[in-house]
Amino acid sequence: MKNIEIKTKLKVCTMDELTAEEKELVEIAKHQTENSYCPYSRFHVGAAAKLDNGVIIRGANQENAAYPSGLCAERTTLFAAGANYPEVPVNTLCIACFTGGHFTETPGAPCGACRQVMIETEHRYGKPMKVILYGEKEIFIFENAADLMPVGFFSEDLKG
Ligand code: THU
């Protein structure tokens, strides 16, 4: 038996360290929290994805009285991107979380199911998808989705 250690990497920064393009995406993700439908959790998540053709896809979490029928902001966004621009790689995905009357100080961590969808989105286009997680105090930047999901499950794994 051998033990292995898996490390990941991310940048921690503030708004003034972002590029103009990144800032724009953050502002859209923040704005999108207003479109969250979250009467059950009151946790508003907004998302924005910039595609390689420059189009920005907007999303927000959508809840349901049948709880598991709801969907996270990341997946509403990535699925809308795939449904509308199936041939265009997603360049950057950004999310922001708003609860209790303010944006969270530290970035919200995407759930495992969203990470799984992120790595497949990245994998299907064969290009890194940057992920920006917004927090009022600090912002996390992952240069690619795989850094959020080591030992992921991919289509190749279905072949056994
Ligand atoms: N949620 C997201 O939209 N994205 C995340 O990364 C974490 C959680 C949503 C799901 C649910 O509507 C609410 O936040 C509380 O879990």
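Let me begin with Ile4, which at 65% relative accessibility counts as exposed, where exposed means over 50% relative accessible area, buried under 20%, and partly exposed in between, with a 1.4 Å probe and protein chains only. This is a predicted model, in which local features need pLDDT of at least 70 and side-chain atom pairs count only at pLDDT 80 or more, whereas totals for chains, interfaces and linings use all residues. Residues are numbered from 1 along each chain as its sequence is written, and side-chain values use heavy atoms, with hydrogens and water left out.

Ile4 sits in the segment before strand E1 (11-13); strands here are DSSP runs of at least two residues and helices, H or I, of at least four, numbered from the N terminus.

Val151 itself is found in the segment after E7 and is exposed, at 73% relative accessible area. Its phi is positive, near 55 degrees, although Val151 is a residue other than glycine. As background, most residues other than glycine have a negative phi. Arg42, again not a glycine, also has a positive phi, of about 55 degrees; Arg42 belongs to the loop between H1 and E2 and is exposed, with a relative accessible area of 56%.

Now to the charged pairs. How many salt bridges are there? The count comes to eight, taking a side-chain nitrogen of Lys or Arg within 4 Å of a carboxyl oxygen of Asp or Glu. One of them pairs Lys30 with Glu136, whose closest N and O atoms are 3.9 Å apart. Since Lys30 is part of helix H1 (residues 20-32) and Glu136 of the loop between strand E6 (130-133) and strand E7 (139-142), this pair ties together parts that are 106 residues apart in sequence. Lys30 is buried, with a relative accessible area of 15%, whereas Glu136 is partly exposed at 44%.

In another salt bridge, Asp52 meets Lys127, and here the closest N and O atoms are 2.3 Å apart. Asp52 comes from the loop between strand E2 (44-51) and strand E3 (56-60), and Lys127 from the loop between helix H3 (112-125) and E6, so that parts 75 residues apart in sequence are tied together. Asp52 is partly exposed at 35% relative accessibility, and Lys127 is partly exposed at 36%. Salt bridges also link Glu21, Glu24 and Lys50 in a network.

Finally, the ligand. What surrounds the ligand? Ser41, Phe43, Val45, Asn61, Glu63, Cys72, Ala73, Glu74, Ala109, Pro110 and Cys111 do, each with a heavy atom within 4 Å. For polar contacts, meaning N or O pairs within 3.5 Å, the side chain of Asn61 has an N or O atom 2.9 Å from a ligand oxygen, a polar backbone atom of Ala73 is 2.8 Å from a ligand oxygen, and a polar side-chain atom of Glu74 lies 2.5 Å from one. Of the 370 Å² of accessible area that the ligand has on its own, the protein covers 76%.

Note on methods: A polar contact is a pair of N or O atoms within 3.5 Å; within protein, one must be able to donate a hydrogen and the other to accept it, and residues adjacent in sequence count only if both atoms are side-chain atoms. Accessible areas come from the Shrake-Rupley method with a 1.4 Å probe; for residues, only the protein chains shown count as cover.
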